[in-house]
Amino acid sequence: MAAPKVAFLLLNLISILPLLVSSFSPDRPTDRRILVVLDDLSLKSSHSLFFSSLKSRGFDLDFKLADDPAIAVKRYGQYMYDGLILLSPSTERFGGSLDVEGVLDFVDSGHDLIVSADANASDLIRNIAAECGVDFDEDPSAVIVDHSSYAVSETEGDHTLIAADDFIQSDVILGNKKIEATVLFKGIGHSLNPANSMVLKALSASPSSYSTNPSSKLSSQPPSLYGTAISLVSVVQARNAARIMISGSLDMFSNRLFRAGVQKSGSLNKYEKSGNEQFITELSKWIFHERGHLKAVNLRHNKVGESEEPSMYRINDDLEFSVEIFEWSGSSWVPHVSKDVQVQFYMMSPYVLKTLSTNGKGLYHTSFKVPDVYGVFQFKVEYQKLGYTSLSLSKQIPVRPFKHNEYERFITTAFPYYGASFSMMAGFFIFSGVYLYNK
Amino acid sequence: MATQETSQSATFRHAFGNVLSFAVLLLIGVMAFSIRLFSVIKYESVIHEFDPYFNYRVTQVRLVFVYGIFANSFLRDQFVYPLGRVIGGTVYPGLTLTAGTLWRILNSMNIPLSVETVCVFTAPVFSAFASLATYLLTKEIKGAGAGLTAAALLAMVPSYISRSVAGSYDNEAVAIFALIFTFYLYIKTLNTGSLFYATLNAIAYFYMVCSWGGYTFIINLIPMHVLLCIVTGRYSPRLYIAYAPLSLNVVSIRMLNITFRREKAASSQASSLISEVKLGIVRVVMVVLGTLLAALVPVVGFNAVMTSEHFASFLGHAANLQMSFSNSVVFIIIHVVALVYYIKGILSPQMFKVAVTLVVSVGMVVCFAVLAVLIALVASSPTKGWSGRSLSLLDPTYASKYIPIIASVSEHQPPTWPSYFMDINVLAFLVPAGIIACFFPLSDASSFAVLYIVTSVYFSGVMVRLMLVLAPAACIMSGIALSEAFDAENFLIKAGDTTKVTQNDVKHEKSEDTIKERSSRKSKKKDKENIERPSLVSQVEKRLLVLPLETSVIAVFLLVLLGAFYVVHCVWAAAEAYSAPSIVLTSRSHDGLHVFDDFREAYAWLSHNTEVDDKVASWWDYGYQTTAMANRTVIVDNNTWNNTHIATVGTAMSSPEKAAWDIFNSLDVKYVLVVFGGLVGYPSDDINKFLWMVRIGGGVFPHIKEPDYLRDGQYRIDSQATPTMLNCLMYKLSYFRFVETDGRGFDRVRNTEIGKKHFKLTHFEEVFTTHHWMVRIYKLKSPRNRIRGKTKKSKSKSGTSTSSKRSGTRKKNPWQ
């Protein structure tokens with residue numbers, strides 16, 4: 001009686017197991033299970049709009065307090081989550097086994113991360129951010145102050161709630177719909193290394209903003225961060241396509257700022273609702289790979305007129321090349337349409353560089369002539385575009401020279417030589433005959 | 001009756017002598033084979049060193065295909081990534097064809113040997129053949145006795161052993177046989193005037209061309225000899241027969257080759273009229289035998305044979321033009337001479353005189369015109385028809401001055417005096433005696449032998465590797481010397497006990513015998529010599545008779561002793577000096593024998609732990625081995641046809657880590673292999689070769705400067721070394737973690753403590769180091785997934801430290 005039950009349980013377990021272990025995969029890039037680490041469980045309700053938007057998009061959220069001793073992202077070498085949201089700016093140390101290295105390993109194994117700092121950001125959060133290329137202002141008491149583009153409110157205030165509208169110009173990251181309203185931000189700023197090509201300013205501060213302690217007097221020294229060098233929200237796309245969002249404000253995720261009306265100082269436009277919800281939602285869509293995740297499949301090449309892929313080309317062969325590129329729409333792969341995908345025929349340097357033409361159904365193709373150089377070539381598709389995951393495909397293919405019998409057998413310029421040879425041979429033959437038999 | 005009896009006994013003696021010499025030859029062959037087996041017995045049946053691995057690989061791969069594909073086989077990814085390499089066009093096919101055929105024959109006889117076994121034993125087998133060929137050649141020059149002695153000497157001459165021990169599967173293995181055999185057939189043709197031998201000669205020469213770049217030696221030596229014969233008034237129709245077909249052969253191969261290449265060029269762009277005219281002139285020479293040859297040779301392709309720039313061929317691909325130049329000149333001269341002799345025969349003296357003046361005046365004009373064209377031909381080639389390697393033959397310092405890549409090979413250095421003693425031993429003392437013996441009497445054949453020894457001595461002085469060409473010549477000469485000496489001494493000893501009359505009879509008979517033989521073989525023209533010879537012999541006899549018996553006995557004893565020393569030396573050389581496969585090393589110390597099998601350990605690691613497509617970068621010495629043993633693609637290998645490519649690797653090795661990483665990454669390299677001898681004292685490691693990498697790299701990329709790596713002109717790796725040296729990739733990869741072995745990092749090759757002991761690698765990670773640290777393999781780290789920000793990671797948790805973390809001045813390194 002008990003045996004079938006056990007077997008059933010086992011079967012269940014076995015059927016669950018793949019679900020458990022299936023983490024981020026290139027075929028289904030959407031992350032489904034997200035660990036949300038909070039300072040305080042009250043955030044769960046105060047930021048519920050943000051969380052419910054995630055839930056409505058099909059994510060499982062697992063809320064944990066930062067000092068929860070059971071906090072862990074990994075068990076038996078498998079990641080239990082596909083994404084991590086750290087809304088715990090003041091945590092000095094996670095409970096359980098998670099630490100900075102743990103979080104970074106999580107990212108390095110291809111998972112996504114949203115980190116939010118705040119005015120009292122801990123070293124832990126700062127370190128995580130720094131490891132991702134984001135340097136928060138090192139003065140722990142400094143916040144962003146902007147006396148010209150602050151959010152107008154009833155009280156004069158200290159202008160730390162600022163209205164930012166300098167978004168990154170990318171439909172991929174922020175969606176097709178333009179964000180009309182300004183975004184409310186209250187928190188600390190950070191700077192990026194301009195040489196770092198992976199990190200992008202998703203939301204920049206205005207030229208008049210600076211980072212200082214609002215309660216203290218301005219010193220004669222210029223503030224460490226000021227102007228457009230300040231980034232308020234940054235996104236990172238790591239080489240393994242893991243995406244990271246780092247924000248200096250915890251409040252910008254909150255229901256309060258989501259719902260708040262906004263009027264930027266000096267501007268007559270007053271919006272009923274701030275742009276925060278749209279901005280955060282669209283950005284989180286990008287972060288969790290609902291947009292801008294490309295895959296390239298079926299890299300094919302063949303000689304013109306043939307369909308089989310050869311193991312080797314000959315110099316000056318005409319070939320056809322095709323590749324299919326799809327984009328993840330959040331639920332399925334849709335054709336990616338673009339006019340700027342290029343293929344290189346590469347051996348230490350590109351010998352051929354061609355823009356691929358597309359049929360609008362994901363298929364990109366071109367044809368070209370193999371250069372007059374033999375060696376081991378590669379078909380290379382290097383597609384790196386703002387917001388999209390980078391495509392880097394290469395396929396090795398040797399190119400051989402002509403065989404001895406593939407040259408033209410008779411060429412016009414050489415006719416004198418053929419004539420010389422054959423007349424000589426004929427002459428010799430006739431001479432021998434005459435000499436031998438004509439005595 | 002008496003004459004019949006004597007002739008009967010003579011035939012009997014002849015038969016007996018033939019059987020005896022056959023038995024002796026057989027034994028010599030067995031000895032030649034077995035003396036080369038030390039390497040198999042002491043180590044194992046493996047292929048040695050570097051180049052043989054490539055040959056082995058080619059044999060292996062080609063056996064899969066059909067013969068004809070050889071010329072076209074483009075071994076794809078395996079060799080010299082990413083430039084590729086056309087095997088047919090860069091390799092002498094002779095060796096691999098030979099071994100492949102051998103393997104096929106054995107297999108068809110149901111003797112299932114592996115390809116490797118056949119390759120390993122090809123060289124010993126062919127050295128037995130070479131002994132046979134030496135016997136035949138020397139017999140043509142000075143008779144059977146000298147032939148046997150020379151064959152015995154050649155069978156064990158250390159110079160030849162060094163290149164033909166079992167496992168040394170290199171071109172020289174078959175080429176020396178081909179060289180001697182070609183010379184034999186030339187002399188045979190010269191002595192007999194037979195067209196049959198002339199044809200054989202042409203074929204043997206063709207085999208030589210297929211096998212080794214040293215064929216240029218033959219094709220320069222023979223015209224020189226022909227010229228010598230003509231100048232000394234020894235022109236005969238036999239000479240013409242011996243030379244003309246061969247020369248035609250050569251010229252036609254060359255012409256075919258040139259036209260082939262030109263046609264290739266012409267197919268892409270119209271060749272100019274001038275070059276057509278030039279070609280037309282030389283093309284006329286290509287006649288019947290050329291087409292015959294073209295029919296003889298399968299589609300191996302002249303291009304494959306002739307355009308090879310295989311580095312292993314030290315005589316190399318000497319300029320085609322200069323070769324055809326010397327050949328054509330001699331060719332024309334011999335025709336003129338032949339014509340003159342012919343006309344002299346059919347005309348009356350007066351008419352002849354008139355004809356001479358006419359022909360000379362016309363001939364001068366024509367000659368000048370032809371010369372002018374030929375000189376223009378030579379001058380029109382960019383290097384004046386001289387390739388770097390041929391120039392270094394004439395000027396030994398040329399390569400080291402201008403071409404570091406040639407000079408970096410130790411085989412291309414001029415030899416030291418001890419190497420003569422090591423490689424030809426007592427032969428060095430016997431050669432002069434042999435030369436003298438060749439002048440008594442001077443025949444066409446012996447003059448050839450003299451010419452051979454003289455030229456080969458010169459060439460061996462230029463490059464240590466050419467010692468190999470000298471060895472057969474030295475053996476022939478010494479064989480002649482020894483056999484002549486023994487003849488004389490034996491004769492004296494006999495003369496001591498027997499009466500003078502019988503002795504004289506025997507001697508006379510003998511000499512008559514030889515004369516008869518010779519005169520029957522040669523044409524009637526030797527009348528003059530016939531008269532001279534007995535008198536000369538008797539003169540020599542008289543002179544020698546002065547020596548007393550005891551002296552002769554002592555002399556014989558001393559000669560035997562000399563030979564014994566030679567044998568002892570040769571066996572020692574074969575057993576100790578030359579049989580190490582250099583892939584497995586041994587060292588003897590107080591606690592017994594140590595075996596260093598690190599190379600195979602490393603290659604096995606590579607083949608088991610890396611992806612099939614991974615590329616391995618190393619200095620070019622290890623390219624062939626990596627290809628053959630690890631079965632991985634290499635960036636450069638021992639065939640150095642692309643200097644820039646090697647220079648790129650040299651530059652990477654001499655650059656700091658980051659720059660090196662960039663270079664290697666751009667070449668798709670996954671692993672870097674370095675050979676390091678500092679732990680066990682293996683002197684030919686990469687640190688010792690490093691200056692060559694710097695030089696070769698600097699030759700193409702001028703930012704690598706040799707003085708940066710030298711402290712006051714001295715190459716050192718200790719604390720006095722320059723920062724450039726201590727930071728270059730080669731230093732780092734060699735000495736990474738080295739200090740952990742003994743605590744202070746003492747390099748046993750350089751006998752010094754290393755300069756920089758504790759350092760980390762940022763762009764490379766060590767993945768494998770062999771047991772004795774002789775081979776170290778590193779992997780290129782992939783670029784970081786994220787790029788870190790400026791802020792330093794704080795170790796302390798205290799909030800106060802945050803303000804001290806400001807590090808604005810620190811230069812940002814995105815890789816850290």
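I started with helix H4 (residues 100-108) and helix H5 (residues 123-131) of chain A, whose axes come within 10 Å and cross at roughly 35 degrees. Axes here are lines fitted to C-alpha atoms over the stretch in contact, with angles from 0 to 180 degrees between N-to-C directions. Helices are DSSP runs (H or I, at least four residues), and strands are E runs of at least two, numbered from the N terminus.

Which residues make the contact (heavy atoms within 4.5 Å)? I found Val100(A), Val103(A) and Leu104(A) on H4(A), facing Leu124(A), Asn127(A), Ile128(A) and Glu131(A) on H5(A). They divide into 5 nonpolar, 1 polar and 1 charged.

A note on the source: this is a predicted model, with local features needing pLDDT of at least 70 and side-chain atom pairs pLDDT 80 or more, while totals for chains, interfaces and linings use all residues. Residues are numbered from 1 along each chain, chains are lettered from A, and side-chain values use heavy atoms, without hydrogens and water.

Next I turned to chain B, where I counted 35 helices and 13 strands. Of its 816 residues, 53% are buried, that is, under 20% relative accessible area with a 1.4 Å probe, protein chains only.

Methods:
Contact means heavy atoms within 4.5 Å. Ala, Val, Leu, Ile, Met, Phe, Trp, Tyr, Cys and Pro count as nonpolar, Asp, Glu, Lys and Arg as charged, and the others, Gly among them, as polar. Buried means under 20% relative accessible area, exposed over 50%, partly exposed in between (1.4 Å probe, protein chains only).
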